[in-house]
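Here is a friendly walk through one structure, from its turns to its sheet and its helices. Have a look at the model first, and then we can go through it together.

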Amino acid sequence: MSEALHVVCPHCDGVNRLPPARLADAPKCGRCKGPLFTGAPVALDEGRFAKHLSKSDIPLIVDFWAAWCGPCRAFAPVFKAAAARHEPRARFIKIDVDAAQGLAARYNVSSIPTLAVFKGGQIADRLAGALPGQQLEAWLAARI
Ligand SMILES: [Zn+2]
C-alpha cells in the first residue's frame, strides 16, 4: 500500500491526488486536463508559489533569477534540462526575484541565481550561484 501524493497542476494550480505508481504515467490534471508534468520549469508568482509550496508532496526545486542577470540566463537551459530529466520526481520552478520581492526577502535571496530545494513546505537546502550541468546533477541527486 502506498499513499496518494498531492501534485499541484502547473497550469491551473489544481491539487491532484495520485498513487505514486501513476506519477510516471503522463498523468493529467483532473481540473484543466492539462499534463501535470511538461518536462520544463514552471514560472510562478508569489501567490501561485504559496499554493505549490503548501500543497505539493513532491520536492520543489526553485531557481531564483532575474532577466537582467547574465549568469541566470546562462543557467536557464541547464535548469530546463534538469527539469526534463527529473520530473516527475520533483517540480522545477522559476521565481523572478524582481516580480516576487516578498519571496526573495523571506528566503534571504541576496545573490542570483540561487537554487533552493523545498520539501514539506520548508526550505531543505540552497545554493548560491550557477552550476554546470554535471555538478547540478550531483547536487540534485543527493537531494531528490
Ligand atoms: Zn490543471
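Which residue takes a positive phi in the hairpin of β6 and β7? Gly120 does, with phi near 60 degrees, and two residues sit between the strands of that hairpin.

## Ground rules

Please keep in mind that this is a predicted model, in which local features need pLDDT of at least 70 and side-chain atom pairs count only at pLDDT 80 or more, while totals for chains, interfaces and linings use all residues. Residues are numbered from 1 along each chain as its sequence is written.

## Overall build

The protein chain holds four helices and seven strands (DSSP runs numbered from the N terminus, with H or I over at least four residues for helices and E over at least two for strands). Followed along the sequence, these elements give the pattern β-β-β-α-β-α-β-α-β-β-α. The radius of gyration is 15 Å, close to the 15 Å that the globule rule gives for 144 residues, so the protein chain is as compact as a globular protein of that length. The radius of gyration is taken over C-alpha atoms, and the globule rule is 2.2 Å times the number of residues to the power 0.38. Along the principal axes, the C-alpha atoms fill a box of roughly 45 × 30 × 25 Å.

## The five-stranded sheet

Five strands make an open sheet with mixed pairing, in the order β3-β5-β4-β6-β7 (two strands pair if DSSP finds at least two bridges between them). The edges belong to β3 (42-43) and β7 (122-128); each has a single partner strand, so one side of each is left without a neighbour in the sheet.

Strand β4 (residues 60-65) runs parallel to strand β5 (residues 91-96), and six bridges join them. With β6, in contrast, β4 runs antiparallel, through five bridges. Leu60 is a handy residue to look at here: Arg91 in β5 stands opposite Leu60, and Phe118 is the bridge partner of Leu60 in β6. Moving on to β7, six bridges join this strand to β6 in an antiparallel run, and Lys119 has Gln122 as its bridge partner in β7.

Phi of Asp13 is near 65 degrees, a positive value in a residue other than glycine. Most residues other than glycine have a negative phi, and most peptide bonds are trans.

## Helices and their packing

Helix α1 (residues 46-55) lies across β4, β5 and β6 (114-119), and runs at about 150 degrees to β5. Axes are lines fitted to C-alpha atoms, for helices over the stretch in contact, and angles run from 0 to 180 degrees between N-to-C directions.

How far apart are the axes of α2 and α4? Helix α2 (residues 70-86) and helix α4 (residues 133-141) have axes 10 Å apart and pack at an angle of about 45 degrees. That makes α2 oblique to α4 (angles under 35 degrees count as roughly parallel, over 145 as roughly antiparallel, 65 to 115 as roughly perpendicular and the rest as oblique). In this contact, Val78, Ala81, Ala82 and His86 of α2 meet Gly133, Leu136 and Leu140 of α4 (two residues are in contact if their C-beta atoms, placed from the backbone, lie within 7 Å).
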